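The following exercises are intended for a reader new to this structure. Each consists of a task and a solution in steps.

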There are 2 protein chains.
Amino acid sequence: MARRPRRTIGSLDARSGAILRTVIDEYVSSATPVSSSSLVEHYPLGVSSATVRNILSDLEGLGLLMHPHTSAGRVPTDAGYRYYVQVLADEWSLPQVEQRMIRHQFGQVELASDHWFRLAASTLASNTGTAGLATTAKPEAARVRRVDLVTVQDRLALMVVVFREGTMKQTLQNLPLDADQEQLNRVAALLNVLAVDRTADEIERALADLPMGEESNDDLDLLQLTGVGLVRTMREFDAALIDDIFSDGLLNVMAAPEFDRTEKIRQVFAALENRTYLGSLVESVAREGSVQVFIGHENRSADMQDVSLVLAPYGRIGRAVGAVGVLGPTRMSYAQAIASVEFVSDLMSELVEHLYA
Amino acid sequence: MARRPRRTIGSLDARSGAILRTVIDEYVSSATPVSSSSLVEHYPLGVSSATVRNILSDLEGLGLLMHPHTSAGRVPTDAGYRYYVQVLADEWSLPQVEQRMIRHQFGQVELASDHWFRLAASTLASNTGTAGLATTAKPEAARVRRVDLVTVQDRLALMVVVFREGTMKQTLQNLPLDADQEQLNRVAALLNVLAVDRTADEIERALADLPMGEESNDDLDLLQLTGVGLVRTMREFDAALIDDIFSDGLLNVMAAPEFDRTEKIRQVFAALENRTYLGSLVESVAREGSVQVFIGHENRSADMQDVSLVLAPYGRIGRAVGAVGVLGPTRMSYAQAIASVEFVSDLMSELVEHLYA
DNA sequence: GTTAGCACTCGGATAGTGAGAGTGCTAACC
DNA sequence: GGTTAGCACTCTCACTATCCGAGTGCTAAC
């Protein structure tokens, strides 16, 4: 769960806010501390550098900016970014041109499901210059759309399950007796009657209601067995916080000057492997129902103190939800990131709605 | 294609060989240039440091060792590693204990196919302290084991193909007319009759032989349509050099001192994304039929000048083949790597043989 | 062929210096 | 009271000098 955004700062007067914003914009693009003189030089502020210095000093007092050392310019703190995001969040949306480009790309993609996730991740990556992330859509309790059994060997079958949201799972299933494809087809037909549109719990109940063992019937035995296997597979799927996660553009993040030491990048990778933490973020974002930003040490995970995440859910609450987002250095363009993530999440929602309504 | 190993050096006399080997072992474990005095101190060579210096100087003359600067010890060159690997390659095999441990792990894994690849990669990673790699097994021309059609919407179906080697592919298929699951089942049954155990080419021919358009028959139309979709999916699969690749332990590689600058690690990642080059290596290894080592600048890829790969094929030639291996700094324990990769590739071959014979 | 001895080279650590950047403060100004 | 010019102060960075130690390569003796 993300810490609630800090609103401790009240709101700044217009000029201070504008200067904070300018400092952040400047720092985001230059990656070097911003000095008072460079501000008056490059932006039409209408005041002298001395005045700017006073304001910068105030902002530092409020914890929004900091000083690497005496004779250096100012650098935003995580709280500074937080203020920036909080106050200015609503203003941003993606330019029409970019919207059209992205829509076009999504129109081009082949209709094979996991392509979307890859595309979402790579679109976000290229659009923001950071790493793009996309998780597959996962319902709280999966429902079966279709089950199929395929012979592999005499006593071994492959069970292929398609869930209502398009995800597929496969498991190998040991059989107690030789079974040919013919027989498996019969069993699969029964299993589908039993399982289609149902959750693991419902299937388990249906299995319990089956007439059992009255007379030894191979098909029924196999049905029972594969049914149990199906329920186990579904339980596993339901239990996972994130089913699968796609990322792209990690090379972008590596190129950022703050990650010039491998040790820093190591943390990013370690963080991405921490499904538990990412899962909790996705959950939080899904609950919130809108884009959320997790800045630097707002992250609970020790590995994420130097990075920020911008995440948005897609899909429909109660049905399947997933998340898309970006991961980058705290010094990232939050405007661009939020706008892009929001747009792509809307697009993904449309897709899911359209395909698996 | 890998450059052929260089045999320009003839073979060294016993003592020089032993010293080369010792230098490499020492350097691999210490990561710092090896001096003549440290050699006589830590190893029972029976000669003085001056003598060792003479030998080292000879080895440097042969291009097997090098000198970062005057007052530093010796460091192996890629040619040095090559000699080491070439001459000593046959001696290594994995200790019984490790063999049993790995076997045990593979016994534990659940019977869901992609788990093996992950397991192979992670086993190699943890066993060698480098990054482990495993590609899925791919035949030259895939054959269908089973096709299934699942309704998604009125005019949209999901086609699930299981290939003989266990791989699965899914595609969405637009339909020209409304079709319910009932109808799709009928079509899928026909499609299976047509496609099972066949390659893309064979299926295409069978499709051409179908009685066409005599009378408008919905099922036949759908069969034709999905058949074409199936062939396209298979062609795509056949065309890819590598279907899928799993890696683990990249964090291990990041921890190596030679990769302390992110720029170096960037190269490693870029290299892993270069499927073309990796594909050519897998192909070469499959053709060779045994473990191969690609050291530093023996790699054609510019991004791989600082890393070495140890790869071995698994599966059966003519049927499906894949590769497993490790990727690490040129300063890696080739003995351990080769022994581990060979063992795991044998294990994977057994698995494939056992399951998809 | 081996070894002791030694001059030589070079990298890395340490310290000192100066220039430049940017601040914080003060005092004057509107 | 807010704004500004001016200036002292601080700290980093780049450059240089110096020294130490490591390790070699060579020579001459064994």
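**Exercise 1: Contacts between the chains**

Task: Determine how many residues of chain A are in contact with chain B, and describe that side of chain A.

Solution: In this predicted model, 27 residues of chain A are in contact with 27 residues of chain B. The next step is to locate the elements of chain A that give two or more residues to this side: they are strand E4 (144-153), strand E5 (156-163), strand E6 (168-174), helix H10 (250-255) and helix H11 (262-273). Sorting this side of chain A by class then gives 17 nonpolar, four polar and six charged residues.

**Exercise 2: The surroundings of DNA strand C**

Task: Identify which residues come nearest to DNA strand C and which elements contribute to the surface there.

Solution: There are 20 residues around DNA strand C, of which Ser35(A), Ser71(A), Val47(B), Thr51(B) and Thr70(B) come nearest. Two or more residues of this surface are given by each of helix H2 (36-42) and helix H3 (49-61) of chain A, and by helix H3 (49-61) of chain B. The largest share, four residues, belongs to H3(A). By class, the surface near DNA strand C comprises 13 polar, five nonpolar and two charged residues.

**Exercise 3: The setting of Leu223(B)**

Task: Decide whether Leu223(B) is buried or exposed, and find its contacts.

Solution: Leu223(B) is part of helix H9 (residues 218-239) of chain B. Within 10 Å of Leu223(B) there are 21 other C-beta atoms; the cut-off for a buried residue is 20 or more, so Leu223(B) is buried. Leaving aside neighbours within four places in sequence, Leu223(B) is in contact with Val187(B), Leu190(B) and Leu191(B).

Definitions and conventions. Residues are numbered from 1 along each chain as its sequence is written. Chains are lettered from A and ligands numbered from 1 in the order in which they are written. This is a predicted model: local features need pLDDT of at least 70, side-chain atom pairs count only at pLDDT 80 or more; totals for chains, interfaces and linings use all residues. Two residues are in contact if their C-beta atoms, placed from the backbone, lie within 7 Å. Ala, Val, Leu, Ile, Met, Phe, Trp, Tyr, Cys and Pro count as nonpolar, Asp, Glu, Lys and Arg as charged, and the others, Gly among them, as polar. A residue is near a molecule or strand if its C-beta atom, placed from the backbone, lies within 6 Å of it. A residue is buried if 20 or more other C-beta atoms lie within 10 Å of its own, exposed if 12 or fewer, and partly exposed in between; C-beta atoms are placed from the backbone.
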